[in-house]
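Here are my notes on the model you asked me to look over.

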Amino acid sequence: MNKIDLFIKYIRNNRIIEYENIIESAIANNYKVISLRDYITKKYNNKILVLRHDVDHKSKGTRLMFEIEKRYGVTSSYYFRNSTVNSTLIHEIEEYGSEASLHFETISDYVKEHPEINSKKDLFDSNFLDSCLKKLKKNIIKFRDSFGVPCVTIASHGELENSLVKTPNNYLTEDVSIYEYLGIKLEAYKKGLIDKVTCYISDCPIEENSGFKYGITPIQAIENDEKFIMFLSHPNHWYYNLWRQFKKLVKVTIRKPLTSKKRFKRI
């Protein structure tokens, strides 16, 4: 995608139409389009497309994606950070039959609270594990109590602090025996789950790989007849407010589009 195409796309600010096309394509090709919670609580014998949305930033895109899903009768999982919760939308998502749950960042928060931690060694020399597990459990309980949702599944968020200490937030849930303590059934990066996925897709800003981090689009995966597609989106990449739209237009004006060869890493 060249600069002119990118500029036009950000002027139009309507990438959300592309999301509707993905849903339409999946249904037309006999995919069941479901949430992570549906995946672990129901049985599916046919092709599935699991939709996961990480609500990293407050964005109108979250609402727009949800409205499209309702229109087509499909479900998905929305994971909210403490800083992005929207009580009204969370209740609507759950009432409809989709999933709203926690996008946790416990280790990165712990590092922020301890400025003396500047490396993985510093982190592991501290008593972070016990402290972080207690904080995560408390956060899950608070999310449940605040919004009346079950939090059956949760998903790890990534911050700069995780890169600093080379430890993702889902390190806390690598030992699945901790699920009972936390009162959950699944963390979205669980190895046993990811191993079953035949095609993992993540979005990104459209100036990189035309908007898909690993170089394959959901529609391409659908056309390839992949049996189990997991599509991670960030609603803020699909619709921008005026200020972010302006920043994007400036960025694509002065920088070249990127083509990367990133590969998915679970942890």
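1. Which residues form a nonpolar patch on the surface? They are Trp243, Phe246, Val250 and Ile254, with about 460 Å² of accessible area together. Patches here are made of residues with over 30% relative accessible area and no salt bridge; like charges are joined within 9 Å, and nonpolar side chains (Val, Leu, Ile, Met, Phe, Trp, Tyr) within 5 Å. Accessible areas come from the Shrake-Rupley method with a 1.4 Å probe, and for residues only the protein chains shown count as cover.

2. Before going on, a word on where this comes from: it is a predicted model, so local features need pLDDT of at least 70 and side-chain atom pairs count only at pLDDT 80 or more, while totals for chains, interfaces and linings use all residues. Residues are numbered from 1 along each chain as its sequence is written, and side-chain values use heavy atoms, with hydrogens and water left out.

3. Phe246 lies in helix 13 (residues 242-254); helices (H or I, at least four residues) and strands (E, at least two) are DSSP runs, numbered from the N terminus. Phe246 counts as partly exposed because its relative accessibility is 47%. The cut-offs are under 20% relative accessible area for buried and over 50% for exposed, with partly exposed in between (1.4 Å probe, protein chains only).

4. Helix 13 also has a partner. Its axis and that of helix 1 (residues 3-12) come within 9 Å and cross at roughly 175°, which makes helix 1 roughly antiparallel to helix 13. Axes are lines fitted to C-alpha atoms, for helices over the stretch in contact, and angles run from 0 to 180 degrees between N-to-C directions. Angles over 145 degrees count as roughly antiparallel, under 35 as roughly parallel, 65 to 115 as roughly perpendicular and the rest as oblique. On the helix 1 side, the contact (heavy atoms within 4.5 Å) involves Lys3, Leu6, Phe7, Tyr10 and Ile11. Helix 13 brings Gln245, Lys248, Leu249, Val252, Thr253 and Ile254 to it. Ile254, then, turns up both in this contact and in the nonpolar patch.

5. Now the salt bridges, meaning a side-chain nitrogen of Lys or Arg within 4 Å of a carboxyl oxygen of Asp or Glu. The count by this rule is 19. One of them joins the side chains of Lys251 and Glu207 (3.6 Å, N to O). Lys251 sits in helix 13 and Glu207 in the loop between strand 7 (199-202) and helix 12 (218-223), so the pair ties together parts that are 44 residues apart in sequence. Glu207 is buried at 8% relative accessibility, whereas Lys251 is partly exposed at 31%.

6. Two more pairs to click on. Asp125 and Lys121 form a salt bridge with their closest N and O atoms 2.7 Å apart; both lie in helix 7 (residues 120-125), 4 residues apart, about one turn of the helix, and both are exposed. Asp38 and Lys42 meet in a salt bridge at 3.6 Å, N to O. Here Asp38 is buried at 7% relative accessibility, while Lys42 is partly exposed at 47%. There is also a network of salt bridges linking Arg63, Glu67, Lys70 and Glu92.

7. Please check two backbone spots. Most residues other than glycine have a negative phi. Cys151 has a positive phi of about 50° although it is not a glycine, and Lys166 likewise has a positive phi of about 50°. Cys151 is in the loop between helix 8 (128-147) and strand 5 (153-156), and is buried with a relative accessible area of 1%. Lys166 is in the loop between helix 9 and helix 10, and is exposed at 64%.

8. Finally, two buried loop residues. Thr173 is found between helix 9 (160-165) and helix 10 (178-182), with a relative accessible area of 3%. Leaving aside neighbours within four places in sequence, Thr173 is in contact with Phe104, Leu136, Ile178, Tyr179, Leu182 and Glu187. Val197, in the loop between helix 11 (191-194) and strand 7, is buried at 12%.
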